[in-house]
Amino acid sequence: MSNNKRALKGGEFLIKDVDYTQVFIPEEFTEEQKMIAESCRDFIQQRVLPNVEELDKHNLDLLIQLMKEAGEMGLLGISVPEEYGGFGQNFVTAMRALEEIGKGFSFAVAYAAHTGIGTLPILYFGNQEQKQKYLPKLATGEYIGAYALTEPEAGSDANAGKTKAVLSEDGKYYILNGTKMWITNAGIADVFIVYAKIDDDPNLSAFIVEKNTPGFKLGQEEEKMGIRGASTRQIFFEDAKVPVENLLGERNKGFKIALYILNLGRIKLAGATIGAAKGAINYSVDYAKQRKQFGTYIANFGAIKHKLAEMVIRTFVTESLTYRASQNIEDEEEALKQEGMDKDRAAIEAIRQFAIEASIAKVFGSEALDYVVDEAVQIHGGMGYSAEMPVERAYRDSRINRIFEGTNEINRLVIVGELLKRGMKGEYDLLTPAKEVAKELMAIPDFGKGSEDYFEKKHKLVKNFKKAILMVAGAALQKFGQAFQEEEEIIMNVADMLMLTYATESTLLRVEKLSKMYDPEKLAIYKDILDVFSFDTAWKMYKIGVDTINAFAKGDEQQAMLMGIKRFTKVDPVNTKDARRRIANKLIDDGFYNF
Amino acid sequence: MKILVLISNVPDTTTKVKFKDNKFDTTGVQWIINPWDELALTRALELKKESNGKIEKVAVAMVAEKSAEPTIRKALAMGADEAYRIDTTAKDSYSTAAELAEALKDKDFDLIMAGLESSDYNGLSVGAMLAELLGINSVSAVSGLEFDGEKFIVKRDIEGGYEKLTVQTPFVAVVQKGIAIVPLIPNMRGIMMAKRKPIHVIPAKGVEPLIEMVEFELPKPKPPVKLVETAEELINLLHNEAKVI
Ligand SMILES: Cc1cc2nc3c(=O)[nH]c(=O)nc-3n(C[C@H](O)[C@H](O)[C@H](O)COP(=O)(O)OP(=O)(O)OC[C@H]3O[C@@H](n4cnc5c(N)ncnc54)[C@H](O)[C@@H]3O)c2cc1C
């Protein structure tokens with residue numbers, strides 16, 4: 001693995017630029033990756049979609065059967081190494097598979113929970129015996145996995161859990177007592193990764209708990225707004241006897257495991273939202289081409305085209321940033337292994353390195369999908385409100401993505417918090433670039449003629465976005481010092497600015513890379529996507545920036561920063577109406593998402 | 001026993017067909033195994049699996065240029081053991097059948113399966129032509145295929161019912177609806193193994209096609225439908241507007 005593949009550390013995109021050769025784009029999937037994706041797509045189409053209604057009636061036998069079928073096809077073992085009966089595929093491949101599975105409604109949630117948070121804690125933190133015992137069964141679907149962290153009184157504040165573990169007198173068991181809540185796959189799982197505090201430890205420890213453990217009980221199925229076909233229940237521990245050898249990782253280190261696994265879960269969730277969004281777009285364009293009002297197909301109305309185009313744009317952007325970050329994780333893992341790190345640690349360290357990007361992908365992807373399914377319902381009009389239509393289900397099923405794997409608020413806190421932590425630790429220097437921007441603010445603006453090159457201009461725009469963030473966040477930090485963390489409104493704003501910037505940059509790098517692969521005619525539509533998204537982002541950055549500045553700055557400083565934010569978000573005019581029409585027309589012409 | 005399945009590389013059935021300079025415009029087109037061939041291959045693989053080793057091999061053959069190899073690879077991922085690619089662009093049914101006959105004449109397959117038609121040019125004739133050129137039996141309209149350990153039992157749809165027959169090997173079976181219900185989805189193991197399976201590239205003989213495509217015309221967009229409520233209205237329209245009665 002060459003060093004240049006590892007061009008950036010996690011979060012470093014704020015202060016360092018990369019060129020397009022250093023990012024991975026979805027147009028570069030290998031033949032084998034495409035074939036795996038096709039198999040996942042066909043499996044969802046043939047086996048899952050005809051069954052979604054039945055699954056939604058809590059038919060757990062059917063869910064188990066479909067999971068086992070996925071297991072027989074090898075789809076549960078994609079990330080599990082071959083020595084444990086899996087297929088040892090790399091990170092990006094697993095992401096691509098998940099994207100297709102993401103079209104499978106509740107099944108996608110069961111699948112993602114099993115293959116992600118249900119299986120990976122054992123893969124990355126288990127000892128040899130634990131791996132031998134559980135992984136081959138999890139990889140084939142003989143066992144189904146679940147992950148039990150949340151408690152009635154410990155949700156976002158997950159380390160506050162009250163579930164207790166004490167060693168039995170004979171020293172052979174941990175005796176667990178407590179309640180876990182909202183546990184995905186609870187009704188179908190054989191193995192649970194359970195977090196509890198041993199004695200009076202300050203932090204959690206993790207345990208592998210089998211379903212037939214004495215003292216382990218399941219609650220009723222929760223009646224939920226969406227993903228009704230996924231099993232969600234409380235689980236109860238009443239003097240549950242868990243063998244000591246089922247402690248996962250070290251005592252008191254469980255919270256770390258929980259967080260690492262959540263980082264992974266976050267980017268994986270983004271992968272699934274891409275598929276779900278493409279699915280909803282396909283249903284919508286199909287309907288818009290069939291439904292006639294006022295003597296014409298509704299696909300011919302500008303208002304509908306606007307929606308269709310915006311659905312495509314947000315999906316395309318999610319895809320650009322999610323696969324970019326996924327490849328970063330994979331490259332980091334490879335590089336760490338080559339440096340001699342043990343492969344499990346390398347995988348964990350790699351995802352930790354890109355925790356900021358994983359949170360960005362989670363928030364951006366889940367919010368993009370919510371937009372997409374909302375407009376999908378709208379395009380269907382009254383039919384969109386009918387339980388007969390897939391978009392009605394898509395609308396309900398989407399909503400959970402902003403809540404689990406860390407709510408989007410918690411993830412926004414992570415985005416900003418992690419960045420500052422790394423700056424503080426000296427992993428990279430945020431201070432100097434922030435000071436430079438402050439200096440630039442005081443200097444006379446450079447009115448010189450900039451480059452006329454399309455991509456250079458876009459790069460300049462993204463650079464300016466970064467300056468806007470450094471200016472706003474730098475000043476806020478200076479003003480509040482330690483009390484900055486109390487200013488959540490500002491943190492949310494800074495997180496949004498970081499997210500929008502990363503999204504724009506990832507889309508820019510993708511389109512620039514495409515410009516070397518496609519002729520200008522074919523490229524034009526991708527430039528439209530980039531034009532609309534970067535233009536909209538500039539105005540959003542402006543509004544968020546102004547709000548943030550007004551929240552803490554006064555007098556000359558405020559005036560200077562308001563001028564600054566205007567300058568840093570200045571963008572050339574774009575006829576977004578025409579650009580969106582072209583995007584929508586391609587979608588309508590193709591009849592499905594084909595970008 | 002050895003089975004060969006003929007496969008062709010066709011545009012995905014959802015492809016929006018466009019023409020550029022009176023030629024099919026392939027930009028952005030996804031290529032797939034012709035759906036009939038995919039079902040034939042599915043059945044062949046099922047038979048092999050059930051045969052206790054008596055069917056020792058299922059191979060596939062395609063007349064196509066190198067760019068079609070992802071489609072061949074997919075057939076290998078489904079479970080075919082090896083593949084033959086006759087290295088030329090498929091032009092018409094005759095030249096395709098003739099190239100196949102040349103390439104296959106010394107490869108002793110007991111059963112050659114061909115899909116009823118390909119979903120691109122729908123020529124309906126490669127299977128039968130190939131049998132003729134190889135001088136072997138051919139059975140058409142095959143909707144079911146069994147193997148009893150020694151011979152193949154063929155089910156054919158006939159007017160109002162079906163017939164079952166056995167055929168002396170080697171023979172060509174031109175298969176249609178019913179041969180398999182859904183195409184087999186390649187599993188992870190199959191996909192991983194596919195890259196290690198051989199694709200034998202056979203140089204083409206350069207058989208000249210007998211058919212030349214003169215022109216393509218897309219179907220006219222459908223005119224809007226008029227819903228007619230009463231018989232009188234219909235007669236009136238047919239008489240006065242359409243002027244057909
Ligand atoms: C269908 C479903 C499946 C789930 N599956 C699992 C699973 O498999 N395993 C598992 O362990 N858990 C699971 N969960 C639990 C899920 O992760 C939690 O619901 C989630 O973390 C939020 O916790 P909470 O519900 O207690 O909300 P709370 O933490 O009470 O949050 C309420 C609101 O307050 C906000 N908030 C909380 N703290 C802060 C803060 N510091 N700053 C700003 N805002 C804040 C939140 O963002 C939210 O808007 C699942 C939940 C659901 C609904």
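## Salt bridges and a mixed sheet

At 56% relative accessibility, Asp108(B) counts as exposed. In this predicted model, Asp108(B) has a salt-bridge partner, Lys2(B), with N and O 3.6 Å apart. Lys2(B) is partly exposed at 21%. The two sit 106 residues apart: Asp108(B) lies in the loop between H3 and S8 of chain B, while Lys2(B) belongs to strand S1 of chain B.

How many salt bridges turn up in the whole structure? A search over all chains finds 69. Here are three of them, with their N to O distances:

| Lys | Partner | N to O distance |
|---|---|---|
| Lys2(B) | Asp108(B) | 3.6 Å |
| Lys66(B) | Glu69(B) | 3.4 Å |
| Lys337(A) | Glu333(A) | 4.0 Å |

In the second pair, Lys66(B) is exposed at 55%, whereas Glu69(B) is buried at 12%. Over in chain A, salt bridges with shared partners tie residues into one network, including Glu27(A), Arg96(A), Lys278(A) and Arg510(A). Lys337(A) and Glu333(A) are 4 residues apart in helix H9 of chain A, so about one helical turn separates them. Glu333(A) is buried at 17%, and Lys337(A) is partly exposed at 29%.

Now back to chain B and its sheet. This is an open sheet of 9 strands with mixed pairing, ordered S11-S10-S9-S12-S8-S1-S6-S7-S13. S11 and S13 of chain B each have a single partner strand, so one side of each has no neighbour in the sheet. On average, neighbouring strands are turned by 35° against each other, direction ignored. Helix H3 of chain B packs on this sheet, touching S1, S6, S7 and S13. Elsewhere in the sheet, S8 and S12 of chain B pair in the parallel sense over 5 bridges, with Ile112(B) partnered by Val172(B).

Technical notes. Residues numbered from 1 in each chain as written. Chains lettered and ligands numbered in written order. Predicted model: local features only at pLDDT ≥ 70, side-chain atom pairs only at ≥ 80, totals over all residues. Heavy atoms only, no water. Pairing = 2+ DSSP bridges. Axes fitted to C-alpha atoms, helices over the stretch in contact; angles between N-to-C directions. Contact = heavy atoms within 4.5 Å. Salt bridge = Lys/Arg side-chain N within 4 Å of Asp/Glu carboxyl O. Buried < 20%, exposed > 50% of the residue type's maximum accessible area, 1.4 Å probe, protein only.
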